[in-house]
Amino acid sequence: MAKKKLQGEVFYPPKEVIENAHIKDWDKLNKQANTDYAKFWSDRAEELHWFKKWDRVIDDRKKPFYKWFTGAKTNISYNCLDVHVQTHRRNKIALVWEGENGDFEAMSYFRLHRETCKFANILKSMGVEKGDRVTIYMGRIPEIMIAMLACARIGAIHSVVYGGFSVEALHERIEDSKSKVLIVADGAYQRGKIVPLKQIADEALQRAGGIEHVIVVKRTGQEINMEFGRDMWYHELRELPIASNQCALEKMDSEDPLFILYTSGTTGKPKAILHTHGGYMVGTYTTLKYVFDIQEQDRYWCAADPGWITGHSYIVYGPLLNGATSFMYEGAPNYPYPNRWWKMIENYGINILYTAPTAIRGLMRFGEAWVKRHDLSSLRLLGSVGEPINPEAWKWYHSVVGNGNCPIMDTWWQTETGMFMITPMPCVPLKPGSGTKPFPGIEMDVVDEKGKPVKPNEEGYLVIKTPWPAMIRTIYGDDERYVTQYWRKYKGMYMTGDSARKDKDGYFWVIGRVDDVIKVSGYRLGTAEIESALVSHSAVAEAAAIGVPHEVKGNAIYAYVILRAGLTGNSTLVEELRQHVAHEVGPIAKPEQIEFVDSLPKTRSGKIMRRVLKAKAMGEDPGNLSTLED
Ligand code: WT7
């Protein structure tokens, strides 16, 4: 088949990488999948274990409340563990872990299964039943994986809150989910210091009701408060007779909830994105297998945090469904020195590295000598996620880290999509800064205000036109918001909230968010959360947060603050407000800059005109001000 010549700068994958890959001919797979996507996904589903097969692959009778594999019975935790324990993978290493302080752990599928059962029995002994919510708040330690798998095993819905979030963020999420159990670590190591997770949780629990039991995992060992009758040590619980290493599992309906994960939206409080057992399992399993080309001997490292969707899908579920060996690292990339990551890649013989542009840019700043000290020849594939990767960072990653031999899988997706949506595979020619094309079986497009496809290279709204198995099912407890948020603007199309271009070769170039979401170091934050944290400070009357371009973080937060009458701003107050946001939302939400102003530009309907604020922050012309009230 004669291939059309691609426009622009193109990197072709090395022959050796394609030769052994699961998918060698992307076009062929794409054609098959697009001809009958229901069949494509059900064929993939056949590779997994079902206690009972489905009646329908996809049920779209109540659009946009799509259902997948209806009538089927399965359990994702069973597919992650029990299935492998019954095969040659029984003693295969599932997880290799290194603590920031040098601690080490290697856990086989056999042991991970037993640990999961023990944890599940502990949860059961606390009265946790199918459908109950359990909040998990920990750092990157093996127990976070065990806790998630334990919930899934007994049908409890986990709600993981990222360990970088703080008091109010945690409080809000515990309360909204109505969790009755909280699993927390005493602390987490981060850049040589301890993040006092349990102490933060104690403060959050003073604001939130509903939590009956707190399971505390000992990681850092500092003195903490244990509330009698509520808080219990995990290492003590697991010695009790109730914590047997065998635990009957729940046979789940394909559409039974697996987890909720809070993410920032356009306005108001974070949304609880709901994912289910069956479709999510098929989606994460297939995409990881094909995109990162998981092979039996691979050592795969997704450097994200389990507290975000990347970690849920591609540290916990995807790799285990594939029977892979994963690596997890607790701490900061440059601790104690900027070669920490490269040293671990060399030591553990990592074959696949999946990280975010911000991490690459951060490490790039230290210079390539830190990389070149290490033999990184084990690497075969690299990955990027979270925000657009600038071509300069792409090329550094490709040539310095990958030595020119490792294709970069730039994967575009969202908490809501659950799985990769726009992504290359190892056999696909790459253009730096483009995630190439939608995954086979998925149709996406770039459209104008009215939903009409725009011309090649024109900017427009990124939409998804076909349902996919790991898609969001609803916003937990708020079906109406689910519909308005994603499906109202365009009939029959899912609105991503991103803007993009599509070039003449059909390659997608994602530009960024078009709503009030700010991506800071790849983390998704809502302006509303930052603003309400600022306003909760006694000195603040009103606040507006925007994102401004930042060399390493992609975007940094810039906040405008109106003080209460009679108060004047100074540098001490700026610092106090920054600390206040860090304490309420988390260090990642700390504004880079705070400017005190007397008024904020608003439309006649009272909406803050962020475009004007952005222009001001960047010293640019604000453009058309005709809708401005004042
Ligand atoms: C938003 C979703 C899904 C994992 C992490 C983020 C941006 C994500 C890319 C990419 C350009 C990207 C989008 C998207 N984004 N990946 N490869 N290229 N932009 O999940 O926190 O739900 O954020 O991240 O703006 O809408 P999330």
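This is a short tour of a predicted model, stop by stop, with what to select at each one.

Because the model is predicted, local features are given only at pLDDT of at least 70 and side-chain atom pairs only at pLDDT 80 or more, while totals for chains, interfaces and linings use all residues. Residues are numbered from 1 along each chain as its sequence is written, and side-chain values use heavy atoms, with hydrogens and water left out.

**Stop 1: the ligand**

An N or O atom in the side chain of Asp-410 is 2.7 Å from a nitrogen atom of the ligand. Thr-411 uses a backbone N or O atom, 2.8 Å from a ligand nitrogen. On Arg-524, a polar side-chain atom lies 2.7 Å from a ligand oxygen. On its own the ligand has 560 Å² of accessible area, of which the protein covers 96%; areas come from the Shrake-Rupley method with a 1.4 Å probe, and for residues only the protein chains shown count as cover.

Now colour by secondary structure, where helices (H or I, at least four residues) and strands (E, at least two) are DSSP runs numbered from the N terminus.

**Stop 2: helix α4**

Select residues 76–85, which form helix α4. Nine of its ten residues are buried, where buried means under 20% relative accessible area, exposed over 50%, and partly exposed in between (1.4 Å probe, protein chains only). Among the elements covering these buried residues are β3 (73–74), α5 (109–125), α6 (142–154) and β14. At the start of α4, a side-chain oxygen of Asn-75 reaches to within 2.8 Å of the backbone nitrogen of Ser-77.

Asp-82 counts as buried because its relative accessibility is 10%. Its side chain makes a polar contact of 3.1 Å with that of His-113. Not counting residues up to four places away in sequence, Asp-82 is in contact (heavy atoms within 4.5 Å) with Ser-77, His-113, Arg-153 and Leu-249.

**Stop 3: helix α10**

Go to His-277, in helix α10 (residues 277–291). Is His-277 buried or exposed? It is buried, because its relative accessible area is 0%. Beyond its neighbours within four places in sequence, the contacts of His-277 include Asn-75, Ile-76, Ala-152 and Asp-253.

**Stop 4: rings**

Show Phe, Tyr and Trp; their rings (the six-membered one for Trp) pair if the centres lie within 6.5 Å, and planes under 30 degrees apart count as stacked, over 60 as edge-to-face and the rest as tilted. The structure holds 39 aromatic pairs. Phe-259 and Tyr-280 form an edge-to-face one, 5.1 Å centre to centre with 85 degrees between the planes. This pair links distant parts of the chain, with Phe-259 in strand β14 (residues 257–263) and Tyr-280 in helix α10, 21 residues apart. Both Phe-259 and Tyr-280 are buried.

Then select Phe-65, Tyr-66, Trp-468, Tyr-482, Tyr-486, Trp-487 and Tyr-494, which ring pairs link into a cluster.

Finish with Lys-489, which lies over the face of Tyr-461 at 4.6 Å from the ring centre; the criterion is NZ of Lys or CZ of Arg within 6 Å of the ring centre and within 35 degrees of the ring normal.

Notes:
A polar contact is a pair of N or O atoms within 3.5 Å; within protein, one must be able to donate a hydrogen and the other to accept it, and residues adjacent in sequence count only if both atoms are side-chain atoms.
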